[in-house]
Amino acid sequence: MPTPNLSQTKIDLGHSTIFLREDGIVQLNCGDDVVYEIAMIKENLDWIRKIGNGKKLPVMNVTGKYTTASKDSREFVASA
């Protein structure tokens, strides 16, 4: 079975939707009323890497309504 072309796929993780825009920017739409935990952040990062085939790409985060990150998640992202 051929590997799907993730650069043309919109990934829906429930808490986030991630896709590669035509201008080469990865857009991450955060869900509404979500408190992001480290596991969710890591899942987003894994999919961003997969979409970019391991290349570093610019990422635009679009926050949802009443969305935040746990203290541990904020510290994790700040240390990355």
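**Close-up views of a predicted model**

**Threonine 17 is a buried residue.** Its relative accessibility is 19%, so threonine 17 counts as buried; the cut-off is under 20%. The model shown is predicted. Threonine 17 sits in strand S2, which covers residues 16-20.

**Contacts of threonine 17.** Leaving aside residues up to four places away in sequence, threonine 17 touches Lys10, Ile11 and Asp12, and also Gln27, Leu28 and Asn29.

**Strands and helices of the protein.** Six strands and two helices make up the secondary structure. The order from the N terminus is β-β-β-β-α-β-β-α.

**Overall dimensions of the C-alpha trace.** Along the principal axes, the trace spans about 40 × 25 × 25 Å. The radius of gyration is 13 Å; a compact globule of 80 residues would have one near 12 Å, so the two values agree.

**Burial and contacts across the chain.** Of the 80 residues, 31% are buried. Threonine 17 is one of the buried residues, because its relative accessibility is 19%. Among contacts with a separation of 6 or more, 66% join residues 24 or more positions apart.

**Surface and charge.** The accessible surface comes to about 5600 Å². Carbon and sulfur atoms hold 54% of that surface. Which charged side chains does the protein carry, and how far apart do the centres of the two sets lie? There are 10 positive and 10 negative side chains. The centres of the two sets lie 6 Å apart.

Terms used. Residues are numbered from 1 along each chain as its sequence is written. This is a predicted model: local features need pLDDT of at least 70, side-chain atom pairs count only at pLDDT 80 or more; totals for chains, interfaces and linings use all residues. Side-chain values use heavy atoms; hydrogens and water are left out. Helices (H or I, at least four residues) and strands (E, at least two) are DSSP runs, numbered from the N terminus. The radius of gyration is taken over C-alpha atoms; the globule rule is 2.2 Å times the number of residues to the power 0.38. Buried means under 20% relative accessible area, exposed over 50%, partly exposed in between (1.4 Å probe, protein chains only). Contact means heavy atoms within 4.5 Å. Accessible areas come from the Shrake-Rupley method with a 1.4 Å probe; for residues, only the protein chains shown count as cover. Lys and Arg count as positive and Asp and Glu as negative; His and the chain ends are not counted. The place of a charge is taken as NZ of Lys, CZ of Arg, CG of Asp or CD of Glu.
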